[in-house]
Amino acid sequence: KSLDQNTCAQVYVTPFEWTKAYPIPARKDAHLALDLLHHQYGVFHTIIPDNAKELTKGGFPEKARKAGSLIFPVEAYTPNQNRAESSIRELKRMYRRAMIASTAPRALWDHCFELQAEIRSHTALDLLALQGDVPETVLLGDTTDISNLCQFSWYELVWHIDPRDSLEKKKLGRWLGPSHNIGDAMSYKILVKSGLIVIQTSV
C-alpha cells in the first residue's frame with residue numbers, strides 16, 4: 001500500500017505504445033481510472049481488456065458502453081493476446097531502475113510508476129507507426145511539450161517555495177513528477193519533510 005493508499009494501477013496502452021498508468025486503491029476501482037481517462041483524453045473507440053472480472057463485469061464495462069466505447073476482452077488465460085502486457089513489462093523495468101537508483105521508499109511506488117508511463121509516452125520509440133514522433137504526439141495530434149518531464153529526475157532533491165510562507169524561504173523537498181489535475185502545466189508533486197505531498201510551481 002502506497003503513501004496515497006493505492007495498491008495497484010490500471011494501465012492503458014495503444015497500438016503505438018502510448019501508455020498511461022492510473023494508480024487506484026483496489027482492483028474494484030478500475031472504473032474510476034476509466035473516468036480519469038475519459039476526462040483527460042476523451043473516449044476511445046475500442047477497449048480490449050484482459051478477462052479480469054473488474055474489467056468485464058460491473059461498473060467498468062457499463063461506463064465504457066455509456067461513453068460509446070466497445071469492449072472486446074481477450075480470451076481468458078492468454079496474456080500474449082493482450083497488447084498492454086509488453087508495455088507493463090517495460091514499465092516495471094523502468095520503475096525498478098528508477099527506484100533502485102534513487103533509493104526512494106517503496107511507499108512512493110505509485111508516483112514513480114505513473115511518472116515512468118509519462119516518460120514512455122513522451123519518448124521516441126522505434127515503431128513504424130510513430131514515424132519519428134512520440135506516442136503522445138500521435139495520440140493528440142499536437143507537438144508534445146516535455147518541459148515538465150525533463151527539468152528534474154525521479155526523487156531528486158529540489159528547492160521549493162511555499163506560497164503560504166511570507167518570507168518565501170527556499171525549502172528542500174523531493175520531486176515526484178508533474179501534477180496533472182492540480183495547477184498548471186509546470187506544477188509539480190513535491191514530497192516535503194513532513195511526509196506530505198504538495199503541489200507547487202516554484203521549484
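Colleague: Which elements each supply at least two residues of the lining of the largest pocket?

Modeller: In this predicted model, the elements that each supply at least two residues of that lining are β1 (8–13), β3 (46–47), α2 (53–56), α4 (84–102) and α5. The largest share comes from β1, which gives six residues to the lining of the largest pocket.

Colleague: And what volume does the largest pocket have?

Modeller: The largest pocket has a volume of about 930 Å³, and of the 33 residues that line this pocket, Q10, V11, Y12, A84 and I88 are the closest to its centre.

Colleague: How does the lining of the largest pocket split by class?

Modeller: The lining of the largest pocket has 20 nonpolar residues, along with seven polar and six charged ones.

Colleague: OK, next pocket. Which residues lie nearest the centre of the second largest pocket?

Modeller: Those nearest the centre of the second largest pocket are D4, H111, E114, N181 and K189, out of 20 residues that line it. The space in the second largest pocket comes to about 440 Å³, and its lining divides into nine nonpolar, six polar and five charged residues.

Colleague: Which element gives the most to the lining of the second largest pocket?

Modeller: That is β2, with four residues; the elements that each supply at least two residues to this lining are β2 (19–24), α1 (30–41), α5 and β8 (197–200).

Colleague: Let's stay on β2 for a moment. Are the residues on its two faces buried or exposed?

Modeller: In a regular strand the side chains alternate between the two faces of the sheet. In β2, T19, A21 and P23 lie on one side and K20, Y22 and I24 on the other, and all of these are buried, so that the strand is mostly covered, with six of its six residues under the 20% relative accessibility cut-off for buried.

Colleague: How do β1 and β2 run, and how many bridges join them?

Modeller: The two strands run antiparallel and are joined by six bridges, one of which pairs C8 with I24 in β2. β1 and β2 form a hairpin with five residues between them, and E17 in the turn has a positive phi of about 70 degrees.

Colleague: Where else is there a positive phi in a residue other than glycine?

Modeller: Most residues other than glycine have a negative phi, and most peptide bonds are trans. Among the residues with a positive value are T103, with phi near 55 degrees, and Y155, with phi near 60 degrees. T103 sits in the loop between α4 and α5, whereas Y155 sits in the loop between α7 (147–150) and β5 (157–161).

Colleague: Buried or exposed, for T103 and Y155?

Modeller: T103 counts as exposed because its relative accessibility is 63%, while Y155 counts as buried because its relative accessibility is 12%.

Colleague: α5 keeps coming up, then. How many of its residues are buried?

Modeller: Of the 13 residues of α5, 12 are buried, which leaves the helix mostly covered; the buried ones include W109, H111, E114, L115 and E118. From its first C-alpha to its last, α5 reaches 19 Å, close to the 18 Å expected at 1.5 Å a residue.

Notes. Residues numbered from 1 in each chain as written. Predicted model: local features only at pLDDT ≥ 70, side-chain atom pairs only at ≥ 80, totals over all residues. Heavy atoms only, no water. Expected span 1.5 Å × (residues − 1). Buried < 20%, exposed > 50% of the residue type's maximum accessible area, 1.4 Å probe, protein only. 1 Å grid on protein atoms, 1.4 Å probe; cavity = no way out; pocket = protein on both sides within 12 Å on 5 of 7 lines; lining within 4 Å. Points joined across faces, edges and corners; volume = space filled by probe spheres on them. Nonpolar A, V, L, I, M, F, W, Y, C, P; charged D, E, K, R; others polar. Pairing = 2+ DSSP bridges.
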